[in-house]
Amino acid sequence: MKVTDHLAQADGKTLFSFEVLPPKKGEDIHTLFSNIEPLMEFKPPFIDVTYHREEYVYRQHPNGLLEKKTVRRRPGTVGICAAIKNRFDVDTVPHLICGGFTKEETENALIDLHFLGIDSVLALRGDPIKSDGVFKPEPDGHAYACDLIGQLADLNKGEYLDEAQDDTWATDFCIGTAGYPEKHFEAPNSGADIRYLKHKVDRGADYIVTQMFFDNEQFFDYERRCREAGITVPIIPGLKPLTTKAQLTMLPRTFFLNLPEALVEAVSQCRDNEAARAVGIEWCLNQSRELMAHGVPCLHYYSMGKAESIRKVAKELF
Ligand code: FAD
């Protein structure tokens with residue numbers, strides 16, 4: 001069942017969902033299953049699986065020359081979605097990105113998903129490869145998520161890249177898109193970011209999932225500005241319990257977000273990561289309670305490979 005159908009069926013109740021990462025190449029899928037298992041008692045209607053594109057690494061040869069190699073550390077998003085769906089009888093939402101894909105490869109990936117009965121997709125641009133600095137689309141690929149969303153919407157009308165339109169070929173994907181309460185790092189300003197978000201919705205996005213944030217006021221303000229801009233689709237807040245002291249610098253560096261002063265102070269005073277984790281859980285719990293009271297349709301948690309803190313939060317709420 002599609003994400004938007006789950007939200008509609010919830011009838012005003014806030015749902016619980018979360019995101020997992022594919023295992024690193026060579027790792028066993030059972031480690032991932034054992035991370036998901038403890039969260040299944042909270043009945044997530046869907047689980048997101050991230051997509052990780054290739055990176056460049058340089059290997060030194062004995063003669064001193066460097067060889068540039070392409071490495072994918074976490075392949076397998078589509079297969080993992082199918083495996084989770086099969087194992088836990090839950091809907092899965094693969095993330096699909098523009099980076100590294102031609103339009104034809106995107107179409108083929110979507111045909112695979114259609115055959116697997118996966119009917120929701122989170123459509124993203126993807127980040128630039130670190131050594132590239134700026135995002136570079138494939139020569140015949142999409143430059144922005146809105147164009148990937150356009151391709152998905154075309155497929156939903158039965159319009160394939162090089163085939164005549166025919167309704168019987170139509171897919172029926174529910175299309176998710178990303179939103180940034182604290183602005184996407186490349187957007188010139190928040191207003192422009194919301195205009196681009198509106199464009200993604202106009203091209204066919206059915207719902208929005210936000211980047212993680214730690215100050216609910218940022219979300220409330222963002223949601224208000226989205227509604228004022230005419231965006232009417234559901235907006236699902238993304239949350240993450242902070243789990244280590246190092247995340248005080250890692251999260252802002254990686255996700256371009258601000259951590260509230262009170263949280264920074266409380267975590268800084270912790271003696272060790274165990275104490276920091278307790279602060280992170282309490283903070284996330286308070287955020288979740290306030291968002292639920294506000295009436296958000298779903299709370300979406302970023303696991304970043306660790307489920308324990310999310311389980312503690314969910315146990316209090318769902
Ligand atoms: P876009 O919507 O294309 O926006 C990119 C930038 O361009 C923004 O600054 C925007 O304001 C601007 N822009 C948008 N449209 C236009 C336009 N038409 N003209 C000019 N400028 C425009 N990354 C991964 O690699 N794998 C994942 O699994 C993944 N999952 C994510 C899940 C969530 C919920 C979120 C919030 C992010 C995720 N990301 C993931 C990160 C995401 O790929 C990056 O943040 C990326 O830099 C932007 O993706 P986007 O889809 O928001 O891009």
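**Close-up 1. Arginine 224 in helix H7.** Arginine 224 is partly exposed, with a relative accessible area of 42% (buried means under 20% relative accessible area, exposed over 50%, and partly exposed in between, with a 1.4 Å probe and protein chains only). This residue sits in helix H7, residues 216–228 (helices are DSSP runs of H or I with at least four residues, strands are runs of E with at least two, and both are numbered from the N terminus). From methionine 1, arginine 224 is 223 residues away in sequence and 29 Å away in space, C-alpha to C-alpha. A word on the views: residues are numbered from 1 along each chain as its sequence is written, and side-chain values use heavy atoms, with hydrogens and water left out. The model is predicted, local features need pLDDT of at least 70, side-chain atom pairs count only at pLDDT 80 or more, and totals for chains, interfaces and linings use all residues.

**Close-up 2. The shell around the ligand.** Which residues come nearest to the ligand? Of the 24 residues around the ligand, they are Tyr51, Asp127, Tyr180, His184 and Lys200 (a residue counts as near if one of its heavy atoms lies within 4 Å of the molecule). The shell divides into 14 nonpolar, five polar and five charged residues (Ala, Val, Leu, Ile, Met, Phe, Trp, Tyr, Cys and Pro count as nonpolar, Asp, Glu, Lys and Arg as charged, and the others, Gly among them, as polar). Several elements each supply at least two residues of this shell: strand S5 (91–97), strand S6 (120–124), helix H5 (145–156), helix H6 (190–203) and strand S8 (207–212). Helix H6 gives the most, with three residues.

Close-up 3. A backbone N or O atom of tyrosine 51 lies 2.7 Å from a nitrogen atom of the ligand. For glycine 126, a backbone N or O atom is 3.0 Å from an oxygen atom of the ligand. A polar backbone atom of alanine 187 is 3.2 Å from an oxygen atom of the ligand. On its own, the ligand has 970 Å² of accessible area, and the protein covers 88% of it (accessible areas come from the Shrake-Rupley method with a 1.4 Å probe; for residues, only the protein chains shown count as cover).

**Close-up 4. Phenylalanine 16 and tyrosine 301.** The structure holds 10 aromatic pairs (rings of Phe, Tyr and Trp, the last by its six-membered ring, pair if their centres lie within 6.5 Å; planes under 30 degrees apart count as stacked, over 60 as edge-to-face and the rest as tilted). One of them joins phenylalanine 16 and tyrosine 301 in a tilted pair, 5.7 Å centre to centre with 40 degrees between the planes. Phenylalanine 16 lies in strand S1 (residues 15–20) and tyrosine 301 in strand S10 (residues 298–302), so the pair ties together parts that are 285 residues apart in sequence. Phenylalanine 16 is buried at a relative accessible area of 1%, and tyrosine 301 is buried at 0%. Ring pairs also link Phe16, Phe18, Phe42, Tyr301 and Phe318 into a cluster.

**Close-up 5. Tyrosine 160 and tryptophan 169.** These two rings form an edge-to-face pair, 5.2 Å centre to centre with 80 degrees between the planes. Is each residue buried or partly exposed? Tyrosine 160 is buried, with a relative accessible area of 12%, whereas tryptophan 169 is partly exposed, at 38%.

**Close-up 6. Histidine 95 and aspartate 48.** Histidine 95 belongs to strand S5 and is buried, with a relative accessible area of 6%. Its side chain makes a polar contact with the side chain of aspartate 48, at 2.6 Å (a polar contact is a pair of N or O atoms within 3.5 Å; within protein, one must be able to donate a hydrogen and the other to accept it, and residues adjacent in sequence count only if both atoms are side-chain atoms).

**Close-up 7. Two lysines with a positive phi.** Most residues other than glycine have a negative phi. Lysine 43, however, has a positive phi of about 50 degrees. This lysine lies in the loop between helix H2 (29–36) and strand S2 (46–49), and counts as exposed at 66% relative accessibility. Lysine 183 has a positive phi near 80 degrees. You will find lysine 183 in the loop between strand S7 (174–179) and H6, where it is partly exposed, with a relative accessible area of 24%.
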